[in-house]
Amino acid sequence: MLTVETIVQSLASGLLMGLLYGLIAVGLALIFGLMDVTNFAHGEFLMIAMYLSFFLFAFFAIDPLLSAPLVAAALFVFGAVVYLLLVRFAMRAKANAGMVQIFTTFGLAIVMRGLAQYFFTPDYRSIPQSWLGGKTVSIGGIFLPEPQLVGALVSIAAFAGLYLFIHRTDFGRALEATREDPGAVALVGIDKNRVFAFGWGLGAALVGLAGAIMAVFFYIYPDVGASFALIAYVTVALGGFGSVFGAFAGGIIVGLVEAVTALVLPPSLKSVGIYAVYLLVVFIRPRGLFGSM
Amino acid sequence: MDKNFAARRRRDLIIAAVLAAIAALTPLFVKDVVVQNVLILTLMYAGLSQSWNILSGYCGQISLGHALYFGLGAYTTELLFTKFGVLPWFGMLAGGTVSALIAMGLGYPFFRLRGHYFVIATIVIAEIGLLLFHNWEWAGAAMGITIPIRGDSWLKFQFARSKVPYFYFALVLCCIAWLVTWWLEDSKWGFWWRAVKDNPDAAESLGVDVFNSKMGAAAVSAFLVAVGGSFYAQFVSYIDPESVMGFQFSLLMALPAVLGGIGTLWGPVLGAAILIPLTEITRFKFGGSGSGVDLIIYGTLIVLISLALPRGLVSLFSRPKKTGATR
Amino acid sequence: MTALLETRGVWQRFGGLVANSDVSISVGRGEIVGLIGPNGAGKSTLFNLIAGVLPPTQGSIWFDGEDVTKMPAAARCQRGVGRTFQVVKSFETMTVIDNVIVGALVRNTVMREARRKAHEVLEFTGLAARADVLASDLVPAEKRRLEVARALATEPKLLLLDEVLTGLTPTEAQTGVALVRKVRDAGITVLMVEHVMEIVMPLVDRAIVLDLGKVLVEGKPNDVVRDPKVIKAYLGDRHAVGA
């Protein structure tokens with residue numbers, strides 16, 4: 001039955017989910033904008049963040065909410081290392097440059113999925129009792145699941161922090177300058193590799209933060225990244241590939257569209273709406289709704 | 001100089017003929033069904049990768065969604081066969097045509113996208129195809145289609161007792177894909193594709209119809225891959241969305257070409273000859289494909305080849321680079 | 001006889017920036033015309049408008065008696081407009097001969113003929129010895145030459161050269177100048193953009209000077225270099241005069 005209540009209810013949870021999607025996608029958009037490279041292992045970054053959160057809970061009983069900064073920090077290091085060890089060299093390719101860039105991170109994604117299967121087994125895992133898991137709050141008659149609510153708040157906080165960081169700090173300005181003109185930065189004496197490594201670290205940390213929260217209410221398995229990576233691609237495509245705040249808006253749209261689709265179509269078709277929006281954008285505005293490039 | 005060129009093309013053709021002849025004789029010696037199976041899959045993936053290479057290697061439009069065309073070939077053939085009694089041979093052509101048309105229809109919006117934007121679009125579109133077939137009741141939805149066994153016959157392209165006929169078909173498919181590539185390599189299309197891949201702006205200024213070059217490459221590539229899908233459906237005699245349209249097919253079409261040499265004539269064959277047996281051996285040693293070892297091997301190979309040998313393994317065989325094109 | 005190429009009141013705006021304002025030039029058959037001007041004069045923009053990279057905001061472009069204003073680059077190439085790129089755009093993974101064959105395919109659909117044409121052009125441009133080398137292995141001067149060869153293979157009526165002589169050593173530049181003369185003698189009209197006047201002036205029949213997006217002066221090279229307006233426009237750009 002479609003009542004006003006159910007509609008408002010699902011729009012509200014769609015909005016929460018959308019804010020999380022934005023957080024998942026923003027790292028991808030950041031790297032896109034910074035150096036015009038797609039991280040095809042973005043979903044796998046999310047996957048290891050979720051596992052990390054899971055193991056910290058399972059072995060040390062640290063609640064995902066507490067371990068989230070830890071997970072983000074670990075992912076930061078991981079992202080920077082991936083740039084320094086792989087992507088940096090992929091960008092120097094002389095022959096088949098496009099293919100090299102694509103298949104380097106794509107290959108990394110496959111390795112990470114394989115390693116997860118090998119060491120963690122393909123089993124589905126979940127965090128049974130966390131502070132937030134399974135709880136809901138009621139706001140004006142609308143029930144909101146606590147994990148998603150906290151996730152949405154974290155996402156808003158992260159985007160606010162990112163905004164301040166990009167606009168108020170020297171390094172953030174350097175990041176922005178590199179986006180606009182890599183040559184100019186070299187002139188000012190900023191090491192391009194350091195900026196890029198930091199960009200990858202930051203991108204990974206953001207998706208790590210998202211992973212830590214999602215571990216509370218999502219099953220954790222080796223392929224979990226794939227479906228979220230797809231959503232992240234759609235989100236950045238909507239938001240205009242390199243735009244950080246386009247990812248924020250894109251995420252919200254994806255979340256709302258998904259919620260509305262779930263209202264009118266059977267659950268197995270809940271992604272149809274997102275894909276339809278994606279195709280529409282590719283047809284009409286290949287640069288994305290908020291893309292300025 | 002022209003003589004050199006003609007001689008090189010003739011040499012390629014002779015090598016191919018010799019290899020095909022040797023391959024054609026193997027069933028006389030290889031009676032083990034498991035090994036036969038590996039050989040069939042190797043030939044099939046060599047042919048598929050060769051077809052993938054036309055769009056992604058020569059024309060430079062890297063697709064990670066070719067599983068869509070593979071699945072469309074399989075589904076078209078089997079739906080026509082089980083619902084309307086159309087023989088698989090016609091189904092094969094129908095599947096190829098449907099796929100080529102869909103590839104061109106998708107090309108219309110997608111070919112405006114460059115580089116990784118295009119790659120993402122191909123991944124998404126294959127996922128959409130998978131989703132639709134999962135929910136399409138008439139086409140068996142998630143349950144898929146079991147192909148009714150009507151006895152061994154070339155007419156119905158069905159063989160339960162021996163795998164050898166499938167082997168020969170896979171061999172022919174691989175040879176056709178190779179020959180098409182060989183022929184196109186020295187044609188206007190072949191030159192246009194490589195020009196579009198290397199520098200679309202310069203190509204445009206030389207009168208190349210960039211958009212239609214891509215469309216042509218997509219159509220040929222999708223047609224051949226769909227024929228491969230039809231073959232696979234008959235070969236395994238049961239299809240469902242995951243087993244013919246899953247992402248692993250997109251992966252296994254791209255990998256041999258990347259490994260052997262993307263955009264080269266021999267790359268896909270060489271890559272498949274190494275990769276597919278390796279996959280099967282790993283599966284045998286480590287059990288099931290769920291262990292992840294196969295993925296670790298694939299991924300490591302892709303990363304290493306991309307970074308260390310971007311022209312693929314065939315570049316190890318090419319003469320010193322000052323004397324001519326890498327082949 | 002009408003001019004081979006004509007631009008009529010062409011404007012090009014990028015956002016608030018006016019790159020070309022009301023530019024009307026014409027190039028007659030068999031001429032070598034130099035399009036010069038200081039940095040930021042709008043030469044490259046005009047060049048790209050003529051080559052068909054983008055349509056002008058306003059005005060029209062006529063080639064060989066036909067309005068080509070809205071025609072994309074590939075179609076203009078088929079009509080007989082050949083071009084080079086200032087930043088060379090070779091097909092790097094292809095050999096020199098294969099690069100040129102791409103151009104030759106515009107008028108030769110049979111591969112054998114396209115190949116023969118390409119060899120002819122390589123002889124003409126002095127690249128024959130490098131036919132089987134990968135384009136990525138060429139030295140910069142050879143890459144420039146390959147750009148010209150590729151464009152010539154399309155059998156153009158008008159060849160547009162974008163700073164093909166800039167940045168070459170004096171010896172290389174001389175060979176370049178000789179090649180441009182040879183091209184004209186083969187009956188092909190040449191429009192060349194150059195930044196440095198000294199190189200082009202002895203070569204061209206006529207020079208068109210652009211400044212701030214407008215045609216400043218046009219005429220015989222000797223008259224143009226003495227024109228006070230031209231000297232003034234170039235004054236802020238000492239590097240070019242003194243080069």
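**Reading the chains, from sheet to interface**

Colleague: In what order do the six strands of the open sheet in chain C lie?

Modeller: The order is 6-7-8-3-9-10, and the pairing is mixed. Keep in mind that this is a predicted model.

Colleague: Which strands of chain C stand at the edges, and why is one side of each left without a neighbour?

Modeller: Look for strands with a single partner. Here they are strand 6 (81–83) and strand 10 (214–219) of chain C; each has a single partner strand, so one side of each has no neighbour in the sheet. On average, neighbouring strands of this sheet are turned by 20° against each other, direction ignored.

Colleague: How many bridges join strand 7 to strand 8 of chain C?

Modeller: Five bridges join strand 7 (residues 158–162) to strand 8 (residues 189–193) of chain C, and the two run parallel. To place one pair, find C:D162: opposite it, in strand 8 of chain C, stands C:V193.

Colleague: Which strands of chain C does helix 6 touch?

Modeller: Helix 6 (residues 170–185) of chain C packs on the sheet and touches strands 3, 7 and 8 of chain C. The direction of helix 6 makes about 150° with that of strand 8 of chain C. Now find helix 1 (residues 43–51) of chain C. Helix 1 lies across strand 3 (32–36), strand 6, strand 7, strand 8 and strand 9 (206–211) of chain C. Helix 1 runs at about 150° to strand 7 of chain C.

Colleague: Where in chain C does C:G219 lie?

Modeller: C:G219 is in strand 10 of chain C. Count its surroundings next. C:G219 has 13 other C-beta atoms within 10 Å, so C:G219 is partly exposed. Leaving out residues up to four places away in sequence, C:G219 touches C:R206, C:A207 and C:V224. C:G219 and C:V209 are 10 residues apart in sequence, with 8.9 Å between their C-alpha atoms.

Colleague: What is the order of the four strands in the open sheet with antiparallel pairing in chain C?

Modeller: That order is 2-1-4-5.

Colleague: What stands opposite C:T7 in strand 4 of chain C?

Modeller: C:I61 does. Strand 1 (residues 5–14) and strand 4 (residues 58–63) of chain C pair in the antiparallel sense over five bridges. Now turn to strand 2 of chain C, where C:I25 stands opposite C:T7. Strand 1 and strand 2 of chain C pair in the antiparallel sense over seven bridges. These two strands form a hairpin with two residues between them. In the turn, C:G15 has a positive phi of about 60°.

Colleague: How many residues of chain A are in contact with chain B?

Modeller: 40 residues of chain A are in contact with 36 residues of chain B. Helix 3 (64–90), helix 4 (97–120), helix 9 (224–239) and helix 11 (272–284) of chain A each supply at least two residues of the chain A side. Helix 4 of chain A gives the most, with 17 residues. By class, the chain A side divides into 30 nonpolar, nine polar and one charged.

Colleague: How many residues does the contact take from chain C and from chain B?

Modeller: It takes 29 from chain C and 24 from chain B. The chain C side that touches chain B has 15 nonpolar, six polar and eight charged residues.

Colleague: What should helix 4 of chain B span at 1.5 Å a residue?

Modeller: Its 23 residues (88–110) should span 33 Å; the end C-alpha atoms of helix 4 are 31 Å apart, which agrees. Its buried residues include B:G91, B:M92 and B:F110. The buried residues of this helix pack against helix 11 of chain A and against helix 3 (67–84), helix 5 (116–135) and helix 9 (210–236) of chain B.

Colleague: Is B:L43 buried or exposed?

Modeller: B:L43 is buried, with 25 other C-beta atoms within 10 Å. B:L43 is in helix 2 (residues 33–58) of chain B. Beyond its neighbours within four places in sequence, B:L43 is in contact with B:A170, B:L171 and B:C174.

Colleague: Where in chain B does pLDDT stay under 50?

Modeller: Over residues 320–327 of chain B. The mean pLDDT of chain B is 89, and 95% of its residues reach 70 or more.

Notes. Residues numbered from 1 in each chain as written. Chains lettered and ligands numbered in written order. Predicted model: local features only at pLDDT ≥ 70, side-chain atom pairs only at ≥ 80, totals over all residues. Contact = placed C-beta atoms within 7 Å. Nonpolar A, V, L, I, M, F, W, Y, C, P; charged D, E, K, R; others polar. Pairing = 2+ DSSP bridges. Axes fitted to C-alpha atoms, helices over the stretch in contact; angles between N-to-C directions. pLDDT = per-residue confidence, 0-100. Expected span 1.5 Å × (residues − 1). Buried ≥ 20, exposed ≤ 12 C-beta atoms within 10 Å, placed from the backbone.
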